[in-house]
Amino acid sequence: MPRHAVSPGQGHPRSGREPESDRSRGSPRLRLLWIGLALALPHALVLWAPAGAHPLPPQSHPARFGRLVPQLRNAFGWWNLTCPVCKGLFTAIDFGLKKEPSVAWVGSMATKICKVLKIAPPTVCQSAVQLFEGDMVEVWTRSVLRPSEACGLLLGSTCGHWDIFSSWNISLPAVPKPSPQPPKPPAPGAPVSRILFLTDLHWDHDYLEGTDPNCENPLCCRRDSGLPPASRPGAGYWGEYSKCDLPLRTLESLLSGLGPAGPFDMVYWTGDIPAHNVWHQSRQDQLRALTTVTALVKKFLGPVPVYPAVGNHETTPVNGFPPPFIEGNFSSSWLYEAMAKAWESWLPAEALHTLRIGGFYALSPRPGLRLISLNMNFCSRENFWLLINSTDPAGQLQWLVGELQAAEDRGDKVHIIGHIPPGHCLKSWSWNYYRIVARYENTLAGQFFGHTHMDEFEVFYDEETLSRPLSVAFLAPSATTYIGLNPGYRVYEIDGNYPGSSHVVLDHETYILNLTQANEPGAVPRWQRLYRARETYGLPNALPAAWHDLVYRMRGDTQLFQTFWFLYHKGHPPSEPCGMPCRLTTLCAQLSARSDSPALCRHLVPDGSFPDDQSLQPRPPLC
């Protein structure tokens, strides 16, 4: 969820033209542009706002827009705007926004909004808008400013149809679904494989010991964070319990200290390599992070095969992943090509081919197992490029169906890795993915994600009754400390490499670096196992039903939930207690592998009520 000053040849061009006069700003055409600006750019500017200690319900794009539009109408006195005039003005804006002075004006207004609303410190506002404005205006001109859609949003369905996030469905093969066949326990003494899982490393090139960990910027412990007051300590040598990312030495310590947790048969690495200074990043910075950390992984893991996935922080501006039909300077080809070059020793030619096209791939790491790495940015609520067209971007889900059907036909099992978990995706993408998982439940042996920085999971159910657990997605904790966490990583034990293996997860372990101990004078970092899942939670196995049962046991067992809450935060929970509303919302998140689906949590509160009028919806991630 680091960069020095951008040279004139980098980033987006800045116009030297002064903002237009107050009189010109008052014109109907520019008032419309102001509305578009208020809907689009500020949303991008709050993506790094630190999350609170407790889970909160996420908000979909239509819900955000729906609440904002009446306020804008009221503020700008647009109640008398007619449909023909609206469409005529938006047609003019489509043309006008293509010109550089218009982009500069949009940026100027976005900066003022950011400062007036105190979304971020002024310097952050200025840098962020300069970074985002070109992409956001390009997206706006290709999507929202289509007259029928924009006016449908502003004036209602009688003037047009706002359907940018409308429902859609992928096609499933006509092959009948086989009867559900839960995996059989492996025979005593059967081989067991260990998979190292790394996610959300977030290396901060500008991390500096002793700087202020509570600065005004969205990311601290950096060269530009200043010094803390004399009454408070500065950033620790190995990291800090604050809104800070990691120095490279901590990642080196993690990778060099893996010995007690190994040996490993392979590594799943689900992205987010750069730091959270998302307002001040260039493509050169992102590529430096990619190549530096990839080299580090290769150095310490040697011949162990590594299979990466693309995180939302790999690009700049953050979350901006255009579908493949976007070409030229706005495309993601610069990033995918660099990834293919950096990872070519790990991936076969067939995987590198689709990686270069859309950032996803499939391969066979061992006989009987197919690994699929998804680009979950094509499901992301924060990927503003999906405003253009959110229907199965890059055809990735339809491609996934083809891979799963082929695996079913061969009798193979499948692991899926990705960054953003499916329960955090746009509704139609999430519901289609849920449907795919249900169809191929016998083939799908494991799902592995990151992104939230927390230690959690998402249970999938049959679509007919939403009561039979059929799959589970494991959400592993982050390497980074952001926000207020210990550094950590995960190891999965899976049914091993032998004929007839189920390849399912048998157990998992989480390892952390206790920063309080590591940052003591003279101390050396000691990575330690925090817990084993089955032992700690009393699970009979690691199959979906066991995780379902755990959620309902935690509902009534406060001590068990407090154990989960402690481990959820990698051994460093917030000081505020997690009361019943917080507990139920957290537990609901573990049941919510399908976004915007409150029915999944209906049994958590038997009488249908919920304390303090909060809704049973999963929380947004920290990244």
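I started with the cysteines and counted 8 disulfides, taking as a disulfide any pair of cysteine sulfur atoms within 2.5 Å. The model is predicted, so I kept local features to pLDDT of at least 70 and side-chain atom pairs to pLDDT 80 or more, while totals for chains, interfaces and linings use all residues. I number residues from 1 along each chain as its sequence is written, and side-chain values rest on heavy atoms, without hydrogens and water.

**Disulfides**

I looked up Cys 83 and Cys 159. Their sulfur atoms are 2.0 Å apart, and they form a disulfide. The torsion about this S-S bond is about 90°, so the link of Cys 83 and Cys 159 is right-handed. The pair joins distant parts of the chain, 76 residues apart: Cys 83 sits in helix 4 (residues 83-96), Cys 159 in the loop between helix 7 (147-155) and strand 1 (192-198). My helices (H or I, at least four residues) and strands (E, at least two) are DSSP runs numbered from the N terminus.

Next came accessibility. I call a residue buried under 20% relative accessible area, exposed over 50%, and partly exposed in between (1.4 Å probe, protein chains only). Cys 83 has 24% relative accessibility and therefore counts as partly exposed. Cys 159, at 4%, counts as buried.

I found both Cys 86 and Cys 151 buried.

I then checked Cys 221 and Cys 244, which are also joined by a disulfide, S to S 2.0 Å. With 60° about the S-S bond, their link is right-handed. Cys 221 and Cys 244 each lie in the loop between strand 1 and helix 8 (248-256), so the pair ties together parts 23 residues apart in sequence. Cys 221 is buried, at a relative accessible area of 0%. Cys 244 is buried too, at 0%.

I followed an open sheet of 6 strands, in the order 4-5-6-7-9-8, with mixed pairing. I count two strands as paired if DSSP finds at least two bridges between them. Strand 4 (361-366) and strand 8 (456-461) stand at the edges with a single partner strand each, so one side of each has no neighbour in the sheet. On average, neighbouring strands are turned by 25° against each other, direction ignored. Strand 4 runs antiparallel to strand 5 (residues 369-373), and 4 bridges join them. In this pair I saw Leu 363 opposite Leu 371 of strand 5.

**Cores**

I took a nonpolar core as a set of buried Ala, Val, Leu, Ile, Met, Phe, Trp, Tyr and Cys residues joined through side-chain atoms within 4.5 Å. The largest has 128 residues, and those with the most contacts inside it include Trp 269, Leu 301 and Tyr 433. Helix 10 (residues 333-343) gives the most to this core, with 7 residues. I listed the contacts (heavy atoms within 4.5 Å) of Leu 301. Leaving aside neighbours within four places in sequence, Leu 301 touches Leu 196, Leu 255, Leu 258, Phe 264, Val 267 and Val 306. Another core of 20 residues lies apart from the largest one, with Leu 219, Trp 279, Leu 387 and Ile 388 among its members.

Terms used. Axes fitted to C-alpha atoms, helices over the stretch in contact; angles between N-to-C directions.
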